[in-house]
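Subject: Handover of a structure and the findings on it

Dear colleague,

Please find below the structure that I am handing over to you.

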Amino acid sequence: MDPMHPPRRRSLRRALHVATVATTATILAACTGTGTGTDDSDNTGGTGGDRVDADRMAEVAEDSGATADEIVDAGRPVDAATGPDRTHLITYTVDPPTSEGRSASAWRLYDHRGRDLATGLSEVTLEGAATPFVRAVGDGYLLIGPAGRATFHITATGTVSHVRGATSRPAAAGDLAPIYGSARLYRPEGRIMFTPTPAAGDWQGWAVAADGSVVRQLGYADGEIQFQRSDDGRRWEPIAGHKTTPRTVIPSLTLTAVGDYVVAALTTEGSDLEHATLDGLLVRRTDAPSDAAWEFLPTDVPGDADSGGDRWWEPAVRALDDTTVALVPTGDSAASGTFLVDVTTRTWTRLPAPGTEGGWEYEFEDGRIYAIHPERSHTRVSTDLGATWTRLPH
């Protein structure tokens, strides 16, 4: 979901980013050995006959009386996660051919063999696609509407309850940042959503580490990108910045916590505001002394001369596991230009797409990578950095 721009770039979209904390949940533990789903291991496609029927989907989207089962059967997947007892929950949407018109969504809970356990309705929108996201927590799932406006808890048996809002409080170890691009945290104890203290003020990006400490990115001053840290809800304290030029920036949605590290992408602007090249990754341990410098990892993908081209003007950086982050370029470049970086071994690799067509979108959680295509009726998951992909049930 996606920060540091010099003042002249403040007119760009300033999306808020909360990095994934500790381990967030993912999908299909069955993929590690239980065999639910169809293996598409050659990464060449294997998608014949699985396209969404756009006419049927639009018809269901317009029907205010459509059931959850009808939405699931006609829709396309949006997100998925694995929870207790190897259950997994997938969300679906039906939407019109354009961004105008009614869109509806639903969710379905499966057991580890892919059998239906429960199905329920989710959000409805009158403009744009209704796209609920899901994150697994220790005792079930969080079902999250746009911008976190509606958040529900679903147990492994399908019982639904509303997640209540709470007053601001310090972040703590175990808190989750389930909504990419939002300033809200989820605390499993009490099932509450809250905004952490101290107040962020004029921040342009932030991340919450596994130990509960918070790092935020400030503006560009005196030739330096500036950062601060807060522990246990105490006041913000400055930490080491990074010297750079005004045209070399940290884009929105890239300050991210991964295990014991905080990372951010560094890019250089191109000829206009929609083109930038990827310089590399800034890396810093969360327990480092305040004056410890950021380490710069230059882009280094073996055999990759262009390093993803110039489509890095608004990338995303997502935690895959406790040592690896994914760098996703802007727009359609995601399918062919996504990089995986192990911050402990400094290893860069290019993520192989599930098929030869473009348009794949990715989620990264707890060591698994999920590939979702807006024209396909299923989701795929990889547990080996994209070497093989397995189809999930629909």
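The following paragraphs describe what was found.

This is a predicted model, in which local features need pLDDT of at least 70 and side-chain atom pairs count only at pLDDT 80 or more, while totals for chains, interfaces and linings use all residues. Residues are numbered from 1 along each chain as its sequence is written, and side-chain values use heavy atoms, with hydrogens and water left out.

Strands here are DSSP runs (E, at least two residues), numbered from the N terminus. Two strands count as paired if DSSP finds at least two bridges between them.

The open sheet

Four strands make up an open sheet, in the order β2-β3-β4-β5, with antiparallel pairing. Its edges are β2 (76-82) and β5 (116-127), each of which pairs on one side only. From one strand to the next, the twist averages 15 degrees; for such angles, axes are lines fitted to C-alpha atoms, and values run from 0 to 180 degrees between N-to-C directions. Strand β4 (residues 100-110) runs antiparallel to β5 and is joined to it by eight bridges. Arg108 has Thr119 in β5 as its bridge partner.

Strand β22 and its partners

Seven of the 10 residues of strand β22 (residues 276-285) are buried, so this strand is largely enclosed by the rest of the structure. Buried means under 20% relative accessible area, exposed means over 50%, and partly exposed lies in between (1.4 Å probe, protein chains only). Strand β21 (residues 261-269) runs antiparallel to β22, with nine bridges between them, and a hairpin of six residues connects β21 to β22. Ala265 stands opposite Leu281 in β22. Strand β22 is also joined to strand β23 (residues 295-298) by four bridges, again in antiparallel fashion; Val283 faces Glu295 of β23 in this pairing.

Backbone features in loops

In the loop between β2 and β3 (88-94) lies Asp85. Its phi is near 60 degrees, a positive value in a residue other than glycine, and Asp85 counts as exposed because its relative accessibility is 66%. Asp222 belongs to the loop between β16 (214-221) and β17 (224-230). Asp222 likewise is not a glycine, yet has a positive phi of about 55 degrees; with a relative accessible area of 73%, Asp222 is exposed.

Finally, the peptide bond from Thr197 to Pro198 is cis, with omega near 5 degrees. Pro198 sits in the loop between β14 (196-197) and β15 (205-208).

With kind regards
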